[in-house]
Amino acid sequence: MKGRVVSTVCGVYNVMVNDKTLLCKPRGVFRHKKMKLQVGDFVEVNEEDSVIEDIYERKNSLFRPNVANIDLGIVVMSLENPLFSSLLMDKFLTLLNTQHIEPLIVLTKVDLAKEKDAIKKICEQYNKIGIKVIPYSKRTKEGLELIKEEIKTKTIAFMGQTGVGKSSLINLIDENYQREIGEYSSALGRGKHQTKEVVLLPYLDGYIADTPGFSSLELPLIKDDLAKFFPGFVDKFLSCKFTNCLHLKEKDCAIKKAVEEGIIPQETYENYVQISDELLFRKER
């Protein structure tokens with residue numbers, strides 16, 4: 001029977017099959033063929049033996065968070081505690097673009113904003129490149145209904161730093177959830193981990209993936225990949241004069257022209273240059 005992996009602990013997988021959860025182990029052939037299961041995988045299950053026989057083809061697969069077959073990737077980023085980072089945001093969005101996953105930004109703790117113009121600036125920055133931003137407050141519930149509308153009937157993954165409010169948001173979306181909530185430590189300058197692994201939670205004919213938070217993200221890409229998948233670049237890079245344009249020093253670059261015309265924000269381009277400096281060329285890989 002066809003099922004879906006909703007969580008895993010120590011090589012044992014919880015698989016949802018016809019509204020019931022089975023505790024399953026994969027066949028030994030998985031190990032021999034070096035096939036690794038992910039939360040979110042659709043699998044063929046032998047219900048009598050509680051054994052996973054095979055994995056269906058994935059439509060996408062993320063390594064961080066480690067989850068597959070996502071319809072919508074929601075990057076959760078706070079304005080304060082931890083402070084908003086457009087650099088980290090653009091790394092998350094690039095990662096989603098590489099897997100052709102639709103992105104959505106949820107901006108948390110907006111009630112703590114010291115400057116209200118900061119919210120408007122962030123919304124405008126990402127709206128310019130076609131990405132929706134929902135400002136949200138746990139205290140006032142601002143944005144909560146908009147988020148619920150966006151996620152129904154989809155498999156979505158919340159991703160972001162520890163302490164930005166992912167688990168508390170999930171608990172508000174459905175009061176039946178009891179996800180452990182992390183806290184932000186001013187002394188450490190980062191959040192304290194609570195969610196340890198990816199878990200799919202059923203919600204309105206879809207699933208919500210609660211995922212572990214982290215403070216940094218290294219992209220498993222080379223410069224050529226970044227030039228194609230950076231947010232705001234995807235539908236423009238083919239307009240460059242050179243097909244292998246890295247949007248740095250090349251002539252007749254459509255990306256640099258879009259920056260000059262204000263179509264792509266200057267801050268977005270500066271983030272691109274900084275991230276590109278961290279990556280290798282194809283020949284160096």
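Visitor: In this predicted model, which residue with a positive phi follows helix 4?
Guide: Most residues other than glycine have a negative phi. In this predicted model, a residue with a positive phi, near 70 degrees, comes after helix 4, and that residue is threonine 153.

Visitor: Which residues of helix 4 are buried, and how wide is the arc within which they fall?
Guide: The buried residues of helix 4 are Leu144, Ile147, Glu150 and Ile151. Viewed down the helix axis, these residues line one face of helix 4, because they fall within an arc of 125 degrees.

Visitor: Which residues are exposed on the other side of helix 4?
Guide: One face of helix 4 is lined by its buried residues. On the other side of helix 4, the exposed residues are Glu145 and Leu146.

Visitor: How many of the eight residues of helix 5 are buried?
Guide: In helix 5, the buried residues are Lys166, Ser167, Ser168, Leu169, Ile170, Asn171 and Ile173. Helix 5, which spans residues 166-173, is therefore largely enclosed by the rest of the structure, and the number of its eight residues that are buried is seven.

Visitor: Which elements are included in what covers the buried residues of helix 5?
Guide: Helix 5 is largely enclosed by the rest of the structure. The cover over its buried residues includes one helix, helix 4 (144-151), together with strand 8 (72-78), strand 9, strand 11 (155-160), strand 14 (199-203) and strand 15 (206-210).

Visitor: Within what arc do the buried residues of helix 3 fall?
Guide: In helix 3, which covers residues 117-127, the buried residues are Ile119, Ile122, Cys123, Gln125 and Tyr126. Seen along the helix axis, they line one face of helix 3, because they fall within an arc of 160 degrees.

Visitor: What do the buried residues of helix 3 pack against, and which exposed residues does the face turned away from them carry?
Guide: The buried residues of helix 3 pack against helix 2 (86-98), strand 9 (102-108), strand 10 (133-135) and helix 8 (266-278). The face of helix 3 that is turned away from this buried side carries three exposed residues, namely Asp117, Lys120 and Lys121.

Visitor: How are helix 2 and helix 8 oriented to each other?
Guide: The axes of these two helices come within 10 Å and cross at roughly 75 degrees. Angles of 65 to 115 degrees count as roughly perpendicular. The orientation of helix 2 and helix 8 is therefore roughly perpendicular.

Visitor: How many nonpolar, polar and charged residues are in the contact of helix 2 with helix 8?
Guide: From helix 2, Ser86, Leu87, Asp90 and Lys91 meet Glu267, Thr268, Asn271, Gln274, Ile275 and Glu278 of helix 8. Sorted by class, the residues of this contact are two nonpolar, four polar and four charged.

Visitor: Is asparagine 97 buried or exposed, and which residues is it in contact with, leaving aside its neighbours within four places in sequence?
Guide: Asparagine 97 has its place in helix 2. With a relative accessible area of 17%, asparagine 97 is buried. When its neighbours within four places in sequence are left aside, the residues in contact with asparagine 97 are Phe229, Phe230, Pro231 and Val234.

Visitor: How many disulfides does a search of the whole structure find?
Guide: A disulfide here requires cysteine sulfur atoms within 2.5 Å. The sulfur of cysteine 240, a buried residue at 7% relative accessibility, is 3.9 Å from the closest cysteine sulfur, that of cysteine 245, and this is too far for a bond. Cysteine 24, buried at 1% relative accessibility, has its closest cysteine sulfur 16 Å away in cysteine 10, which is also too far for a bond. The number of disulfides found by a search of the whole structure is zero.

Visitor: Which residue is joined to proline 82 by a cis peptide bond?
Guide: Most peptide bonds are trans. Proline 82 is found in the loop between strand 8 and helix 2. The cis peptide bond to proline 82 has an omega of about 0 degrees, and the residue it joins to this proline is asparagine 81.

Visitor: Is aspartate 252 buried or exposed?
Guide: Aspartate 252 lies in the loop between helix 6 (223-229) and helix 7 (254-260), and its phi is positive, near 50 degrees. Since its relative accessible area is 52%, aspartate 252 is exposed.

Conventions: Residues numbered from 1 in each chain as written. Predicted model: local features only at pLDDT ≥ 70, side-chain atom pairs only at ≥ 80, totals over all residues. Heavy atoms only, no water. Buried < 20%, exposed > 50% of the residue type's maximum accessible area, 1.4 Å probe, protein only. Helix = DSSP H or I, 4+ residues; strand = E, 2+ residues; numbered from the N terminus. Arc of directions from axis to C-beta. Contact = heavy atoms within 4.5 Å. Axes fitted to C-alpha atoms, helices over the stretch in contact; angles between N-to-C directions. Parallel < 35°, antiparallel > 145°, perpendicular 65-115°, else oblique. Nonpolar A, V, L, I, M, F, W, Y, C, P; charged D, E, K, R; others polar.
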